[in-house]
Amino acid sequence: MSNQADATQQTTTDPAVDNPSADNNHDVISQFFSGQSDSAPARAVDFRTGYVAIVGRPNVGKSTLMNHVLGQKLSITSRKPQTTRHRIMGILTNEQLQAIFVDTPGIHSREVRAINERMNKAATSALADVDAVLFVIDSLKWVEDDELVFAKVQNLGVPVIAVVNKSDTIKDEAQLFALLQKLHDTQVFSDIVPVSALRAHNLDELVRVIGKHLPIAAPIYDAQQVTDRSERFLASEIIREKVMRASGDEIPYDLTVQIDTFKDEPAHQDPKTGKWRKAVTFIDATIFVERQGQKVIVIGDKGEKIKQIGIEARQDMEKMFDKKVMLTLWVKVKKGWSDDERALTSLGY
């Protein structure tokens, strides 16, 4: 039995297109020969480019940190640990640098299923061939999984920056100072930066610190590019986030999303009616869970929950992709997928 989600259309206003004047054309030509344009920031003489891995135990705010540093949501977030399952690259470019961030799944010690093992491997492999590492910790507690990550970053041969997240929640300055001193005494960290990822506090300082550790080099990616991931992948992650948030603790990690169809239809004139139709992207996706009871939870009473998931996911996609989206969702049971190596490979893990 399959259940179809809401596919409500949302009308967007087409941007006006202005015809440039001769003066504007002259400006464009000047910018071309000067190597500058309005869309790309001026590049510093000592411009720096490099890869930066973001690591830490589950649920310390790694994805929130990257999203706020970039000023754009790329990694999905929820209050549940291990929300991030894949390595996701985010690209920050300004006048001084291009930092290519690699957001990773949380490193954890309990590899119960095959998917946990693959997540740990994805996080650990991100430490290879990077120019700097951000070790994100929770300012309020240090647990066993923090020790596991700490052991992995001690002898990397590249600068490791301790990012003390949620530092705004510590009201006692002496307590925060004691934590910073403890980290300093390990002699592992090149820098220690207290931040609040959620409130975007002190992130400019963090970017400055990162920049001094990157090599002087030309940018690798276009200044306007913010990720190496496809729209197809980002669509699946958006849907998974909405399911996780809508399901509370009822569907923790036994779900994944597969994009079945991703089809862009350009603007065109309907041959039957003669009306002009705007460009639209049609997306069909399947939400896989492991048990029949979980399917019932995702669908909700009379299909209300899956309908709301579809609406919220479509709205986020239209905002991220800047185009109209028609989304259809299905829910199916795929028993044991999270501990099946072949299933994990087929689902992109």
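How many bridges join strand β1 to strand β4, and which way do the two strands run relative to each other? Hi everyone, let's start there. This is a predicted model, and in it β1, residues 48–55, is joined to β4, residues 132–138, by four bridges, with the two strands running parallel. If you want a spot to look at on screen, find I54: across from it in β4 stands L134.

Now let's step back to the sheet. It is an open one, built from six strands in the order β2-β3-β1-β4-β5-β6, and the pairing is mixed. At the edges you'll find β2, covering 88–93, and β6, covering 191–194, each of which pairs on one side only. On average, and ignoring direction, neighbouring strands in this sheet are turned by 25° against each other.

Next, what packs on the sheet? Helix α5, residues 173–185, does, and it touches β4, β5 and β6. The direction of α5 makes about 160° with that of β5, which spans 160–165.

Why can we call α2, residues 62–70, largely enclosed by the rest of the structure? Because eight of its nine residues are buried, meaning under 20% relative accessible area. The buried set is K62, S63, T64, L65, M66, N67, V69 and L70. As for what covers those residues, the list includes strands β1, β2, β3, β4 and β5, together with helix α6, residues 203–212. And just after α2 comes G71, with a positive phi of about 75°.

Technical notes. Residues numbered from 1 in each chain as written. Predicted model: local features only at pLDDT ≥ 70, side-chain atom pairs only at ≥ 80, totals over all residues. Heavy atoms only, no water. Pairing = 2+ DSSP bridges. Axes fitted to C-alpha atoms, helices over the stretch in contact; angles between N-to-C directions. Contact = heavy atoms within 4.5 Å. Buried < 20%, exposed > 50% of the residue type's maximum accessible area, 1.4 Å probe, protein only.
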